Every structure is written in C-alpha cells, then in structure tokens.
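Please keep the structure open while reading.

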Amino acid sequence: MSFDPAGFRPRHFRWDLSGKVATITLDRPERKNPLTFESYAELRDTFRALTDAPAVKAMVITGAGGNFCSGGDVHEIIGPLTRMDRSGLLDFTRMTGDLVKAMRACPQPIVAAVEGVCAGAGAIMAMASDLRIATPSAKAAFLFTRVGLSGADMGACAILPRIIGHGRAAELLFTGRSMSADEGLAWGFWNRLSDDVLADAQALAADLANGPTLAHAMTKRQLDAEWHVGIDTAIDMEAEAQADCMQTNDFRRAYEAFAAKQKPVFQGD
C-alpha cells in the first residue's frame, strides 16, 4: 500500500502532519465523536500504513469539540449489529480488534490527548495508545456491560490489567463505571493531567519524534512482545534488541555528542 502522509486526505477524521508528528482528530463533535463501520476501517488502514511511513516519527490521536470519543455510534453501529448473523458480527469484532493490533504494530509512539468523554471504543483507543494525557475533567469508561456485552472487547482483558492492575481493571470492565481523571492518574492509566492537553501531547510527540526513533520503535515492539514470554526469554530478547540498537548511527551520534559535551541530534537511522 502506497501511503503519502503529506498528501493523505482521510474521509472519516482529520489528519494533520506538522514536521515529524501526525495528528488524527476524530471530528464528529456534535455527537461526541462516535465511530462508524467506515471510520473503524479507515483508522485501522491508516495505522497499518504507518508501518511504511518513515516521514512520520510520532502520532497524536485526539477528538474535536471537547470530547475524545463516545465509542461506537448507537444508530450507525449498535442498531445494525442487532440484526446481523454471527458471521457478520464476527467480521465486525475482528475488524475492531484489528484496529488495536494496527495501533500496537505501527512503529511510531502514539500519544492520546483526551478530554471529556472517553467511552467504549474511545477508551479502548486511549488504552491502545503508548502514552495518554488527559484533562482533569476527562472520564474514561469501558461501558460494554452497560449494553449487555462483556468487557472482553478489542483486547481490554489483556491490555487494561497490565496498565492498571487486575483488580482495578476487573472493576471497570464488570461495572462499566467511569474512571475519573484523578483515579486514572493514580492508577497509571493517564501519564499526566493537563489543562492544555493537545498542546502538551503534541509537544511530547515532538520530543519523541526528535529522539532515536529506531530505538523507540524497538522499545514499542519489545513492550508488546515480552508480554508473552518468561523473564529469562525476555532478557535474551532484550539483549538481541539492544545489540541491534548499538549498531545504529544514532547510538554513535550520542557517544560523539557526549564526548564533545553536546546534545545529540538524532536522525532515526
């Protein structure tokens, strides 16, 4: 798939490329930015394409109009799902899961900038991001049980406990209640709270984009890969990964800058 980040014009969300940082803005503010079948698919395809977009070094995902995302659109998704057979339902649930897989597989760090409502699939997208910044009034809710579904959606039962712990994740997934910003910060879901969440998220993404981006991609890959193995195997995997990083030009640049008492200028190679 050919992907030109500078010329990309998505149909179902806004896309902005500023330097090395791309920002996705969910843009249906009148309904708190819900997702549709089409926007799910376009988001999935976009994150997949980022694997082959070396000009993009970091990502920000946010929502327009004071909210992040209210989840799947009640009328455009929930209603039609009640009329599908199991084959159609499985096609849908696999597609939504593929969005999370694509977010985790793309090499760029993803920073979620969250304000207001962050519910259902919106909470999942925040969860699937690498870093999360929220406003003090943000509320995240994995509210699947509120519509008669399990909390086992788009990887929540695997990923959420690793971020906030099993017991806290179980409470949120069983009850569907909102997690306040203060709770989320204390539990480690939010990396920080901010009154200017988008600016801070873009600044953080820019810092990452100006860093050793091949090494960042390796860190992201290993954070996922090492979930599935024992500690001894993980240590061996990290030995291989770090040896690869030690062969990069960025590693050499860092040494030369240190020796010259200067700040390294990383170039991602």
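The model is predicted. One of its sheets is open and has six strands in the order 1-2-3-4-6-9, with mixed pairing. Strand 1 (14-18) and strand 9 (192-193) are at the edges and have a single partner strand each, so one side of each is left without a neighbour in the sheet.

Strand 4 (residues 110-114) runs parallel to strand 6, and four bridges join the two. Within this pairing, Ala112 stands opposite Arg132, and Val114 has Ala134 as its bridge partner. Strand 4 also pairs with strand 3 (residues 58-63), again in the parallel sense, over three bridges. There, Val111 is the bridge partner of Val60.

How many residues of strand 4 are buried? Five of its five residues are. In a regular strand, side chains alternate between the two faces of the sheet. In strand 4, Ile110, Ala112 and Val114 are on one side, Val111 and Ala113 are on the other, and both faces are covered.

## A buried arginine

Arg132 belongs to strand 6 (residues 131-134). Side chains of opposite charge can pair when their charged atoms come close. Arg132 is buried but has no salt bridge. The nearest side chain of opposite charge is that of Asp130, 7.2 Å away. A salt bridge needs the nitrogen and the carboxyl oxygen to be within 4 Å.

Which backbone oxygen lies 2.6 Å from a polar atom of the side chain of Arg132? It is the backbone oxygen of Phe189. The side chain of Arg132 also reaches the backbone oxygen of Met127, at 3.2 Å. Leaving aside neighbours within four places in sequence, the contacts of Arg132 include Ala112, Ala126, Ile163, Gly188 and Trp190.

Another open sheet has three strands in the order 5-7-8, with mixed pairing. Its edge strands are strand 5 (117-119) and strand 8 (178-180), each of which pairs on one side only. On average, neighbouring strands of this sheet are turned by 25° against each other, direction ignored.

Strand 7 (residues 139-141) and strand 8 run antiparallel and are joined by three bridges. In this pair, Lys139 stands opposite Ser180. Helix 4 (residues 121-128) packs on the sheet and touches strand 5 and strand 7. The direction of helix 4 makes about 90° with that of strand 5.

## Salt bridges

How many salt bridges does a search of the whole structure find? The search finds 16. One of them joins Asp130 to Lys220, with the closest N and O atoms 3.1 Å apart. Asp130 is in the loop between helix 4 and strand 6, while Lys220 is in helix 9 (residues 213-225), so the pair ties together parts that are 90 residues apart in sequence. Lys220 is buried, and its relative accessible area is 4%.

A salt bridge also forms between Arg177 and Glu183, where the closest N and O atoms are 3.0 Å apart. Glu183 counts as partly exposed, at 23% relative accessibility. The side chains of Asp250 and Arg253 meet in another salt bridge, at 2.8 Å from N to O. Both of these residues, Asp250 and Arg253, lie in helix 11 (residues 249-259), three residues apart, which is about one turn of the helix. Asp250 and Arg253 are both buried.

Some charged residues are linked in a network. Arg28, Arg31, Asp73 and Glu76 are connected in this way by salt bridges.

## Helix 2 and its start

A side-chain oxygen of Asp73 reaches to within 2.9 Å of the backbone nitrogen of His75.

Further along, Ile77, Gly79 and Leu81 in helix 2 are buried. What covers the buried residues of helix 2? The cover includes helix 1 (37-49) and helix 3 (86-105).

Conventions:
Residues numbered from 1 in each chain as written. Predicted model: local features only at pLDDT ≥ 70, side-chain atom pairs only at ≥ 80, totals over all residues. Heavy atoms only, no water. Buried < 20%, exposed > 50% of the residue type's maximum accessible area, 1.4 Å probe, protein only. Lys, Arg positive; Asp, Glu negative; His and termini not counted. Polar contact = N/O pair within 3.5 Å; in protein donor to acceptor, adjacent residues only side chain to side chain. Contact = heavy atoms within 4.5 Å. Pairing = 2+ DSSP bridges. Axes fitted to C-alpha atoms, helices over the stretch in contact; angles between N-to-C directions.
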